Amino acid sequence: MNIRNILTAVVLALSLCGMAEAADSAAKLYRIDLVLSRNGELIGKPAMVVEAGAEAEIRDDGDKKPENAFRILVTATPLEGTLGVKEALKIDLGFYDKIGGNWVKRAEHSVTNVLGEPLSLAFPSTSPETAGRNYDLVVLTGRGKAEAPVAK
């Protein structure tokens, strides 16, 4: 085998490794679509792409409507072999809203979710917040791409 053939083989092997690494990396991204409402009124439909096992944040500081401020922290961890052939994620979610200009944690949830199946979470009002601020959050998970989600 001459040097040219060896170099060609090495370049081909390296490019195949790079493609496999990129495919593996893409397999670790998940899209999280959220529908947030308070007392039955829609606040927003944010979406994010998260890397498996990494915490992601999405928030609205309420610059236009302070009463609609929210902060959501999400970690999506793939679960292996748990629900038959369907892919499942462990979703760790923290939900915050603003009271008196400060972020206050409403609740944390740790739940299992099958990709593509909607998940509903409730965050009822608790002390010291204003009574009657009840939030509902619908979460829909799917495979993600390394591009920004389209705003809704």
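In the predicted model, tyrosine 135 has a relative accessibility of 1% and therefore counts as buried, the cut-off being under 20%. Phenylalanine 95 is likewise classed as buried, because its relative accessible area is 0%. Phenylalanine 123 is also buried.

The structure contains two aromatic pairs. In one of them, phenylalanine 95 and phenylalanine 123 are stacked, with 4.6 Å from centre to centre and 20 degrees between the planes. Phenylalanine 95 belongs to strand β6 (residues 86-99) and phenylalanine 123 to strand β8, so this pair ties together parts of the chain that are 28 residues apart in sequence. Phenylalanine 95 also pairs with tyrosine 135; this arrangement is tilted, at 5.0 Å centre to centre and 55 degrees between the planes. Here the link runs between distant parts of the chain, from strand β6 to strand β9 (residues 135-143), and the two residues are 40 residues apart. Through these ring pairs, Phe95, Phe123 and Tyr135 are joined into a cluster.

A contact of another kind involves tyrosine 96, whose ring has the charged end of arginine 71 sitting over it, 4.9 Å from the ring centre.

Glycine 116 is located in the loop between β7 (102-114) and β8 (119-123). Its relative accessibility is 45%, which means that glycine 116 counts as partly exposed, the class between 20% and 50%. When residues up to four places away in sequence are left out, glycine 116 touches Leu140 and Thr141. The C-alpha atoms of glycine 116 and alanine 88 are 9.3 Å apart in space, while the two residues are 28 residues apart in sequence.

Technical notes: Residues numbered from 1 in each chain as written. Predicted model: local features only at pLDDT ≥ 70, side-chain atom pairs only at ≥ 80, totals over all residues. Heavy atoms only, no water. Helix = DSSP H or I, 4+ residues; strand = E, 2+ residues; numbered from the N terminus. Buried < 20%, exposed > 50% of the residue type's maximum accessible area, 1.4 Å probe, protein only. Contact = heavy atoms within 4.5 Å. Phe/Tyr/Trp six-rings, centres within 6.5 Å; stacked < 30°, edge-to-face > 60°. Lys NZ or Arg CZ within 6 Å of the ring centre and 35° of its normal.
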